[in-house]
Amino acid sequence: MREDEIPFEGLEELVDKFLLDRKKEYVILTEALNNKEFNTIKDYMHKWKGFCRPYGFGPLVELSVDLETYAIEKSYPNCEKKLAEIKKYLDSRSLKST
């Protein structure tokens, strides 16, 4: 596990909810991409890159930065590829309570 995948002290108990919320938002992001709503993607990624690290989702910060850039560029293929990487990352993280 990477150092940036360890939640900040006091946030450990919130990791499961955080992960579930990001998975729900992923659905919104894929719908936004299908509708070419790049501003929606950009707005979500701007938020994600700011608050993922404290919950132990450092790699998601990097992915969010890239996806935000692609959304600004309105690059559908790059957004699609980066969303697939985000899905793979989210799926690789298991809930602590399971």
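Colleague: Which residues does serine 75 touch, not counting residues up to four places away in sequence?

Modeller: Serine 75 touches Phe38 and Tyr70, with residues up to four places away in sequence not counted, where contact means heavy atoms within 4.5 Å. This is a predicted model, in which local features need pLDDT of at least 70 and side-chain atom pairs count only at pLDDT 80 or more, while totals for chains, interfaces and linings use all residues. Residues are numbered from 1 along each chain as its sequence is written, and side-chain values use heavy atoms, with hydrogens and water left out.

Colleague: Why is serine 75 called buried?

Modeller: Its relative accessible area is 16%, and buried means under 20%, exposed over 50% and partly exposed in between, with a 1.4 Å probe and protein chains only; serine 75 therefore counts as buried.

Colleague: What makes alanine 84 partly exposed?

Modeller: Alanine 84, which is found in helix α4, has 46% relative accessibility and therefore counts as partly exposed. Helices here are DSSP runs (H or I, at least four residues; strands are E, at least two), numbered from the N terminus.

Colleague: How do you know that the span of helix α2 agrees with its number of residues?

Modeller: The expected span is 1.5 Å times one less than the number of residues, so the 14 residues of α2 (residues 38-51) should span 20 Å, and the end C-alpha atoms are 20 Å apart, which agrees.

Colleague: Which residues of α2 are buried, and where do they pack?

Modeller: Phe38, Ile41, Met45 and Trp48 are buried, and the buried residues of α2 pack against α1 (15-34), α3 (58-73) and α4 (76-92).
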